[in-house]
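I opened the model to look up its charged pairs and its metal site. My entries follow the display.

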Amino acid sequence: MNADFLLKIDALSVSFGGVKALENYKLSLPPSRILGIIGPNGAGKTTLFNVLTGFIRPDSGHIHFNGQEITRWEPYQIARLGISRSFQNICLFGKLSVLDNVIVSCQIHERTSFLSALSKTRAYKKNEKALREKAWKLLCVFGLEKHADRRAMTLAYGDQRRLEIARALATAPKLLIIDEPAAGMNPNETQDLLDLILKLKEKFNLTIVLIEHNMNLVMQLCEYIQVLNYGRLAAEGLPLEIQQNQEVIDAYLGDTNNAGSN
Amino acid sequence: MNKNKHALYLMISMGLFFCAVYLLDAYGNHYYQRVSNLMMIYVILTVSLNLSNGIVGISSLGQIGFMSIGAYVSAILTLPPGLKEHWLTGLPHWMSTIQSGLFPAMILAGILAAAIAFLVGIVILRLQGVFAAVTTLGFLIIVKVVAENWMTVTRGGRGISSLPTYTNLWWTSAVAVITVYVVLRIIRSPYGRSMLAVREHDLAAQSIGINAPRIRLLAFVISAFFTAVAGALWANLIGVVSPGSFYLWLTLLIIIMMVVGGMGSVTGSVFSAIGFTILLELLRGFENKIAVYGISSIIFAIVFMLVIIFHPDGVMGDREFSWDWFKRITPLF
Ligand SMILES: Nc1ncnc2c1ncn2[C@@H]1O[C@H](COP(=O)(O)OP(=O)(O)OP(=O)(O)O)[C@@H](O)[C@H]1O
Ligand SMILES: [Mg+2]
């Protein structure tokens, strides 16, 4: 079913105690698009990502990915199926090296037997080397290779954000979802990030869902935008439509002069 | 190439190590043999504990419970049949007529403890931090209570004595080397990287396809296996097992050894276990000489506190010994 859509979400609702974080949310996302999700703080954006990646069980609703229902799957199963994410609050493996952060993610589709690891068979060593090289290449795409041996927690903030995306990409996902990648970045870094995301999308043939408060970035990058407010879809459409939607301007964008300053 | 050189260094140090084992085993006096055997057993225990608590980050206080299981399994298997029929009346008949050697006893001890760790782990490893600490401590207590009360199999509080003392320095040092090798190989394999990732950030690890509960269970089970093997060695070294031997003192001792060596550092655990065994023996001699009893425990505690104050991550942190680092601190090399 839904062969035209990579991701299809129906009537998704999540509540925490009395708070309705998501209510009757819907999405039909064809492959190779970039979708932007915007909305004020507490609108339910991150909650949507958490449900999508299996960290939170929804109260009701269905999620189909690549033709399969994944609604109540475990996070690791969803990751193996091809959805990978970055976190709003950076969640790296702080004490591991930058390279190891990516290697451990690269190995997602490997099935190493315990005995071959203990006996260091030739195939095992070859495999390990291939993993390292794959991870190294990915670091090069992000310009992080010069920090490969440093512990991830010692990286500068912007580098940490990019390492999170690199780690997410190392699982070779079909769908990449990134939560506020530009948070805390200056305009130069934000511009670089924009170029990087476009490059990644081409290079790895990705579908991307992006949460972002920076309107400049969203409007330039996204082909389609959804606006969340109090857990409900307040509007959706093309970037131009969203920019001109009076309700959205009132609820969220506010003074257009300020758009993008956050 | 550096790598070949390091392999050579490693072979030389292993050669020296086993030469020392040979000399001690053939010509050493009983006291030195006993202390060296204990030292190797502590190395096995500390490295195993580090796998569960340091590498994958389970706050387990119950590992010595697996040592107890291993020691009792080995005791029951290796006790001479005459004594078994007399003391352990609860054993099935076929078991009371056989007497096993050390090696099968060790392996069976390890496997049984691993199986128990698997069952216990399924329940406990859903919990983390303080909750895991409390429940694993509960496990340790249960093991002790069972050992104290299952009279017809464990002989209760009197313990099982007159065990054949099969254990010698060859056994303990070989098992210690194997344990260190296996744990190091695990850490450097995809399994080990997953374990470290789970320790560093559980949710992020799951988000890249790691089945975190399963990885934790794996580390817990392997740790229990080697801990139980150490228990079997211990039983056939001392010749007596009793419930109180495997309890809070040993738990505390091994945790201190691990923390001082550095949680997450296998080689740190090795050095720390060796260092503390020597320190404890020196202190004991000192205590007997000046006849101020208890002073050794106080000094031991002070050493522990000083290390933790000045090196909160332990002496080695989560780094491993490397020859490059060794060269840097020993300029004559
Ligand atoms: N695990 C949780 N437990 C309880 N309440 C939660 C949880 N996660 C989110 N919430 C609540 O759900 C609502 C939506 O939160 P969410 O994090 O999804 O917002 P957001 O749109 O990502 O906001 P921001 O832009 O600040 O990141 C908020 O009211 C929040 O307090
Ligand atoms: Mg959020």
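**Salt bridges**

I began with E23(A), which forms a salt bridge with K20(A), the closest N and O atoms being 4.0 Å apart. I count a salt bridge when a side-chain nitrogen of Lys or Arg is within 4 Å of a carboxyl oxygen of Asp or Glu. This is a predicted model, in which local features need pLDDT of at least 70 and side-chain atom pairs count only at pLDDT 80 or more, while totals for chains, interfaces and linings use all residues. Residues are numbered from 1 along each chain as its sequence is written, chains are lettered from A and ligands numbered from 1 in the order in which they are written, and side-chain values use heavy atoms, with hydrogens and water left out.

I found E23(A) in a salt bridge with R232(A) as well, at 2.9 Å, N to O. R232(A) lies in strand 10 (residues 232-237) of chain A and E23(A) in strand 2 (residues 19-29), so the pair ties together parts 209 residues apart in sequence. Strands (E, at least two residues) and helices (H or I, at least four) are DSSP runs, numbered from the N terminus.

**Metal site**

I saw T46(A) (OG1) and Q88(A) (OE1) coordinate the magnesium ion (ligand 2) at 1.9 to 2.1 Å. Donors are N, O and S atoms within 2.8 Å of the metal (3.2 Å for Na, K and Ca); water is not among the atoms, so sites may look incomplete.
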